[in-house]
Structures are given as structure tokens and as C-alpha cells.
Amino acid sequence: MNSNNIDKEKDKQHVVYTIEQCKVCGVKNKRTFKVGDYVFKDGGSCLRCSGSTLVIMIYAEPVNNV
Amino acid sequence: MYMLSISKSDIITNIQMQVNPFFPTGGESQWWIYLLWIIPLFIFMLYGQRIQMFIVMQDVAKSLNKLKGMQDKSKEEVISYIKSINPNITNLERLDALMEYFTITPVNIDPYGIVDKIQHLIRLRDDRIKAEIKALAPQADEITASRLENVVEVATALHMLYKLVRHFYLMGKKSSSMFFIVQLQMIMPLIMQSAEALNKAIPALKNGQPIGDGIGPMIAGRLILDKEKILIAKDTIMSQYEYNNRRLYVVKAKGPGGTVGEPHTALHRLVNEMGVRIDMVIMIDAALKLEGEKTGEVAEGVGAAIGGIGVERFRIEEVATKYNIPLYAVIIKQSILEAITTMRKEIAEAADKASSKVFKIIDEYSNQGDNILIIGVGNTLGVGQ
């Protein structure tokens with residue numbers, strides 16, 4: 001068994017996204033992660049109704065899925 | 001129509017003519033041909049194992065070099081992170097000492113009371129490391145310090161992994177023991193997989209991004225959003241509310257710093273000090289998937305879903321057994337790499353399914369008026385509440 005035959009997963013590049021959801025209208029906004037973001041942090045204002053948003057998810061997606 | 005008229009004997013003759021020099025049919029003039037076969041045969045008989053060992057050693061040495069590269073890179077990352085927090089730092093000897101810090105596990109000839117001893121040593125070690133981190137970066141706030149602690153832990157783990165592999169490699173080289181080195185080669189893919197995972201964890205830890213292991217605290221955090229929270233144990237928060245005529249107690253590590261909290265202490269306090277009669281415990285945790293299983297798959301079962309050295313699981317099982325509390329577990333499957341690197345989309349999206357499972361367990365297996373404890377287990381880095 002060759003020790004270099006490790007999961008090909010390691011070679012995939014990922015982009016990290018922050019998902020914000022408006023507390024008023026429920027619209028979700030997906031943007032690139034910024035240092036300082038964390039899940040359940042109050043986000044910016046909603047793009048549709050200008051209500052306050054909440055970060056509901058932060059996740060990584062492979063680049064080829066973008 | 002033109003027809004090929006080659007007979008079977010023609011083909012055999014043709015082949016014989018081509019390979020004839022290597023398969024002499026007789027004659028003293030071709031004795032050297034025999035030598036051409038016999039010499040390599042003897043070489044392989046006498047030195048076959050050495051040749052094989054050389055090949056194996058080369059393979060292990062290649063992985064060892066890769067491991068060294070990862071170890072050096074992780075240390076550089078730690079230094080750059082410390083300097084970004086504390087630009088005035090010049091003496092990094094404290095970091096070197098921290099990376100060599102060890103814990104001697106208690107003697108287990110007589111295992112009675114060993115869990116208390118391990119817990120005592122773990123708490124001591126944690127406090128000591130926190131103090132060292134504070135000394136390295138006094139300006140760091142609580143969250144940054146916990147991130148730095150996580151990064152140092154990863155760099156230390158890589159350092160230890162490199163030292164262990166190097167030890168066995170050199171031992172094999174010194175003793176020229178084929179079996180020694182072949183055993184190392186056989187486990188190298190697993191070691192390299194763990195090292196790769198640790199190496200990839202550093203950016204996520206430095207940036208404060210939630211990791212796959214944080215799915216438990218993320219689900220628990222969602223349940224207690226906008227609810228009043230109390231600090232129930234070290235780095236551990238709890239909130240309670242009514243649900244379908246039942247009282248839910250939700251516990252998770254205090255985020256968004258990189259900590260796992262002490263859920264076992266929370267259960268102990270709740271039952272023994274606060275006198276709450278707990279009728280059911282549901283633990284939500286990330287679990288390692290088997291090869292072939294899908295990332296983000298959700299499964300339910302019974303037992304204490306919590307990793308670590310075993311102290312937490314022992315304490316929870318102890319209380320559950322003493323008071324006959326049913327222990328249910330909901331797990332979200334992922335690989336070791338996914339557990340310690342930035343949370344994957346499939347894992348984050350499994351939160352809804354896992355929450356539904358939790359409430360299904362509550363609705364089906366509990367009665368009205370019951371007190372139910374839900375514990376979100378895992379590292380809460382990048383996950384608030």
C-alpha cells in the first residue's frame with residue numbers, strides 16, 4: 001500500500017461562505033466568509049426589506065461547485 | 001481474394017527465432033546466457049529482503065519528509081499567529097517548551113478511581129496550557145486566546161506525530177529489521193491522513209470558522225437562540241424552556257471561541273446540585289463515518305455520544321445509570337478531515353434533519369411533564385448561541 005495514496009479529497013480547494021437570514025422576511029443571503037463572522041452573530045441589513053439579519057450557517061464548498 | 005497462408009508451425013518457428021538467444025537449445029558457445037539467468041536469481045535470493053527493505057525505507061522516508069514539512073509549516077503558522085496578536089514578542093522559547101509539554105497518564109495496574117485521576121490531570125494540563133497561552137499573547141481576548149490554544153494544539157499534535165514516526169523509522173534503520181519498518185509502512189497512510197487533516201485544520205482555527213465537529217453545538221445553539229442562558233460549568237452554558245408540556249434543558253459549550261466545555265459537569269450539577277429530575281438525555285454529536293458512508297448522514301441510537309479520552313463519557317454514563325436516565329444519541333457522520341476542518345455544506349445542512357430526529361425522540365419516547373436534557377457536543381469554534 002502506498003502511503004501517498006491518501007484521500008483525493010485533500011486536493012480539493014474550498015471556498016467558505018456565510019449564510020445570513022433576515023429575521024423579518026426570512027430571505028437568505030450567501031456571501032464570502034469574513035474574519036469575525038460566526039454562526040448566530042447579528043449580520044448586516046436585509047437586501048430586500050432592510051430588516052436585521054442573523055448568520056445561520058458558515059460552510060465550505062468545493063471550488064468546482066461554485 | 002488474397003488469403004494468408006501462415007501455418008501454426010511457421011508461427012512457432014518465428015517466435016523461437018526471435019527469443020532463441022535467451023533460450024539456447026544447446027551448444028557450449030552460449031554458456032553466458034545461463035549466467036544471465038542464474039546471477040540475478042542468486043542476487044534476489046541473497047539480497048532480496050534488503051532490496052525490498054530499501055524500497056520500503058524510501059517510501060517511509062518520503063512520507064517522513066512530508067510530515068516534517070507539515071510540522072515546520074504548522075509551527076510557522078503558530079508563530080505568525082502569535083506575532084499578529086502580540087507583535088512585541090521576541091522570545092519564542094516558551095512556544096518550544098509548550099510544544100514539548102507532556103502529560104503522564106495515571107498508573108492503571110489498579111484502575112479503581114482512575115477516571116478521577118485522569119480528570120484531575122486533564123484539568124491541570126488545560127489550566128497550564130491556558131496560562132502559557134496567556135503569557136505568549138497577553139493582549140488576546142478570550143475568543144482569540146481559545147483560537148490560539150487550538151492552533152497550538154494542532155501544531156503540537158503534528159510535532160508529536162513527526163517525532164513518533166521518526167523514532168520508529170530510525171529504530172527500523174538501526175536494527176535493520178524488515179518487520180519493524182514494514183509495520184510502519186502499513187500504518188503510514190493512516191498517519192498521513194491524520195497529519196493532512198491536522199494540517200488543513202489550521203486556517204479554519206485561525207479564522208474562527210466553524211469546524212465539522214461543531215455541528216452539535218450549532219444545533220443546540222439554534223434551539224436556545226433568544227433564550228436566557230446561564231453558565232452552568234466551565235465554558236459551558238445552559239438554557240431552559242417549555243416544549244409540548246415538557247421542560248427542555250439545552251447545554252452547549254460557550255461560543256464562539258474554540259472550546260468543548262464540560263457537558264458532564266453540567267449534567268452532574270443539574271442532577272446532584274440543582275436537584276432537577278432528568279427523565280431523558282439526548283446527545284447530539286459529530287461521529288466518524290465509515291468509508292462508503294455519506295457525509296452529513298444522520299443516525300440515532302442509544303448511549304453517550306461524546307469523544308475524548310473517556311472521562312466525559314464515563315461521568316455521563318455514571319449519572320445516567322445511577323438515576324436510570326435513558327441516554328439517546330443523534331450523530332452526524334463525517335470523516336476525520338471534515339471533523340476538524342471548516343464545516344462542509346452537507347454537514348451544515350444536516351442540522352435540520354438532526355433537529356427533527358431530536359424532537360421525534362422527545363415526542364415518541366417522553367411523557368408530558370418530563371425534564372429533558374439536550375447536549376450539543378463538540379468544539380463550538382465559530383458558533384455562538
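A residue is called buried here if 20 or more other C-beta atoms lie within 10 Å of its own, exposed if 12 or fewer do, and partly exposed in between, with the C-beta atoms placed from the backbone. By that rule, 29% of the 66 residues of chain A count as buried. This is a predicted model, in which local features need pLDDT of at least 70 and side-chain atom pairs count only at pLDDT 80 or more, whereas totals for chains, interfaces and linings use all residues. Residues are numbered from 1 along each chain as its sequence is written, and chains are lettered from A, with ligands numbered from 1, in the order in which they are written.

**Chain A**

Chain A has zero helices and four strands, and along the sequence these follow the pattern β-β-β-β; helices (H or I, at least four residues) and strands (E, at least two) are DSSP runs, numbered from the N terminus. Two residues are in contact if their C-beta atoms, placed from the backbone, lie within 7 Å. Among the contacts in chain A with a separation of 6 or more, 49% are between residues 24 or more positions apart.

The predictor's confidence in each residue is given as pLDDT, from 0 to 100. Chain A averages a pLDDT of 83, and 80% of the residues score at least 70. Over residues 1-7 of chain A, however, pLDDT stays under 50, and the model has 15 contacts beyond four places in sequence for this stretch. Where pLDDT is low, the predicted coordinates should not be read in detail.

**Where the chains meet**

In the interface, 29 residues of chain B are in contact with 20 residues of chain A. On the side of chain B that touches chain A, helix H2 (31-85), helix H6 (178-207), helix H7 (215-223) and helix H11 (345-348) of chain B each supply at least two residues. The largest share of that side, nine residues, comes from H6(B). Sorted by class, the side of chain B that touches chain A has twelve nonpolar, twelve polar and five charged residues, where Ala, Val, Leu, Ile, Met, Phe, Trp, Tyr, Cys and Pro count as nonpolar, Asp, Glu, Lys and Arg as charged, and the others, Gly among them, as polar.

The residues of the contact of H2(B) with H5(B) divide into 19 nonpolar, four polar and five charged.

**Individual residues**

B:Leu205, found in helix H6 of chain B, counts as buried because 27 C-beta neighbours lie inside 10 Å. Leaving aside residues up to four places away in sequence, B:Leu205 touches B:Arg147, B:Asn150, B:Val151, B:Val154, B:Gly258 and B:Leu381. The C-alpha atoms of B:Leu205 and B:Gly258 are separated by 7.9 Å, although the two are 53 residues apart along the chain.

Most residues other than glycine have a negative phi, and most peptide bonds are trans. A:Ser50, in the loop between strand E3 (42-45) and strand E4 (52-62) of chain A, has a positive phi near 65°, and A:Ser50 is exposed, with 12 other C-beta atoms within 10 Å. Phi of B:Asn245 is also positive, near 60°; this residue is exposed, with 10 other C-beta atoms within 10 Å. A cis peptide bond, with omega about 5°, joins B:Gly255 and B:Pro256, and B:Pro256 is found in the loop between strand E3 (246-253) and helix H8 (263-273) of chain B.
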